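Hi everyone, and thanks for coming along. Let's look at today's model together, one chain at a time.

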Amino acid sequence: MTRPRLQTVLLVDDEHDVRMVAKMALEFFGGLRVLDVPSGEEALAIAAEERPDLILLDVMMPGMDGPMTLKSLRGGTQTAKIPVVFLTAKTLPEEMRALRQLGALYVVEKPFDPATLATEIESVWSRYAQ
Amino acid sequence: MNDHLHKVFQDKLAELRLSYLSQLRAHVDDLIQLARSLEAHRDLTSLPAIHRLAHSLSGSAPTFGFHETGRAATELERLIAPHVLGAVPSAVTAKDVVEGVERIRAAAGQVLEGQSGELGSAVHTKSRGQVG
């Protein structure tokens with residue numbers, strides 16, 4: 001079954017300015033609808049309500065971090081199957097592997113290039129949608 | 001993307017870059033305070049907070065074009081990560097951490113030069129004590 005085109009992304013990052021750059025890049029360059037929240041707790045609520053196509057989730061956040069948020073998403077009936085892409089500062093290879101093993105589709109490394117972020121996410125979505 | 005949208009994007013990016021400078025200043029000031037505490041008290045509990053700030057700067061500073069600050073933050077993050085993540089016995093020293101914070105401070109200081117307000121003064125490296 002072929003999934004529809006990527007339309008709505010939920011972006012979760014506690015750093016306001018970085019979140020705004022990513023949101024703008026996805027909207028301007030990808031034509032995507034982007035919902036954005038600064039915490040894992042808020043992500044759980046809006047994900048259940050809005051059912052985005054994909055969640056772009058920062059790893060290191062105060063309170064509920066990325067891995068904890070992913071685990072909670074997987075436990076929710078409304079959110080269990082929403083694909084998640086982690087967003088994290090460039091880190092050690094073993095940490096990257098560990099993040100992928102948690103069940104994320106992909107890991108986007110910060111710093112990201114605003115001009116190519118949408119293409120990167122759409123490429124991940126295309127592979128997932130096949 | 002047409003020229004108008006491209007210009008709107010660049011203008012908004014410039015606004016966010018300005019906004020980020022105040023966050024950069026706050027992060028670096030916090031790092032300096034934590035490094036002073038580490039140096040004065042050998043307070044290991046501050047290492048996770050230093051690690052979080054370094055990780056944050058490592059990812060965010062280069063997004064806004066502040067690559068040297070990002071590089072210095074990545075170095076510090078990688079220095080502390082084994083201690084904070086507990087994967088291997090850590091031999092990180094207070095001196096190493098303070099020097100790492102000083103490198104971030106120096107790089108950010110160049111970025112913030114000409115901005116209003118002074119960045120926190122140097123941490124003062126005196127300690128050579130091992131904290132790991």
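**Two chains, one walk-through**

Let me begin with chain B, whose secondary structure comes to four helices and zero strands. Reading from the N terminus, that gives the order α-α-α-α. Please keep in mind that what you see is a predicted model. For the complex, the predictor reports an ipTM of 0.80 and a pTM of 0.85.

How confident is the predictor about chain B? Its mean pLDDT is 83, and 82% of its residues reach 70 or more. There is one stretch to flag, though: over residues 125–132 of chain B the pLDDT is below 50, even though this stretch has 28 contacts in the model beyond near neighbours in sequence. Where pLDDT is low, the predicted coordinates should not be read in detail.

Now find helix H4 of chain B, residues 94–112. This helix has 19 residues and reaches 26 Å from its first C-alpha to its last, close to the 27 Å expected at 1.5 Å a residue. Which helices do the buried residues of H4(B) pack against? They pack against helix H1 (3–41), helix H2 (47–60) and helix H3 (67–85) of chain B. Among those buried residues are Val97(B), Val101(B), Ile104(B) and Leu112(B), and Glu102(B) is on the list too. Over the whole chain, buried residues make up 46% of the 132 residues in chain B. As for its contacts with a separation of 6 or more, 71% are between residues 24 or more positions apart.

Let's turn to chain A. Here we count five helices and five strands, and from the N terminus they run β-α-β-α-β-α-β-α-β-α. The C-alpha trace of chain A spans about 30 × 30 × 25 Å along its principal axes. Is that chain compact or extended? A compact globule of 130 residues would have a radius of gyration near 14 Å, and chain A has 13 Å, so the two agree. Of its 130 residues, 49% count as buried.

On one side, E4(A) pairs with strand E3 (residues 54–58) in the parallel sense over four bridges, with Leu57(A) standing opposite Phe86(A).

E3(A), helix H3 (residues 66–75) of chain A and E4(A) make a right-handed β-α-β unit. E4(A), helix H4 (residues 93–101) of chain A and E5(A) make a right-handed β-α-β unit too.

How many of the six residues of E4(A) are buried? Six of the six are. Val84(A), Phe86(A) and Thr88(A) cover one face, while Val85(A), Leu87(A) and Ala89(A) belong to the other, and all are buried.

One last stop: Arg19(A), in helix H1 (residues 16–30) of chain A. Is Arg19(A) buried or exposed? Its relative accessibility is 8%, so Arg19(A) counts as buried, the cut-off being under 20%. Leaving aside neighbours within four places in sequence, its contacts include Asp13(A), Asp14(A) and Asp36(A), along with Leu11(A), Val37(A) and Pro38(A).

Terms used
Residues are numbered from 1 along each chain as its sequence is written. Chains are lettered from A and ligands numbered from 1 in the order in which they are written. This is a predicted model: local features need pLDDT of at least 70, side-chain atom pairs count only at pLDDT 80 or more; totals for chains, interfaces and linings use all residues. Side-chain values use heavy atoms; hydrogens and water are left out. Helices (H or I, at least four residues) and strands (E, at least two) are DSSP runs, numbered from the N terminus. The expected span of a helix is 1.5 Å times one less than its number of residues. Buried means under 20% relative accessible area, exposed over 50%, partly exposed in between (1.4 Å probe, protein chains only). Contact means heavy atoms within 4.5 Å. pLDDT is the predictor's confidence in each residue, from 0 to 100. A crossover is right-handed if, with the strands pointing away from the viewer, the path from the first strand over the helix to the second runs clockwise. The radius of gyration is taken over C-alpha atoms; the globule rule is 2.2 Å times the number of residues to the power 0.38. Two strands pair if DSSP finds at least two bridges between them.
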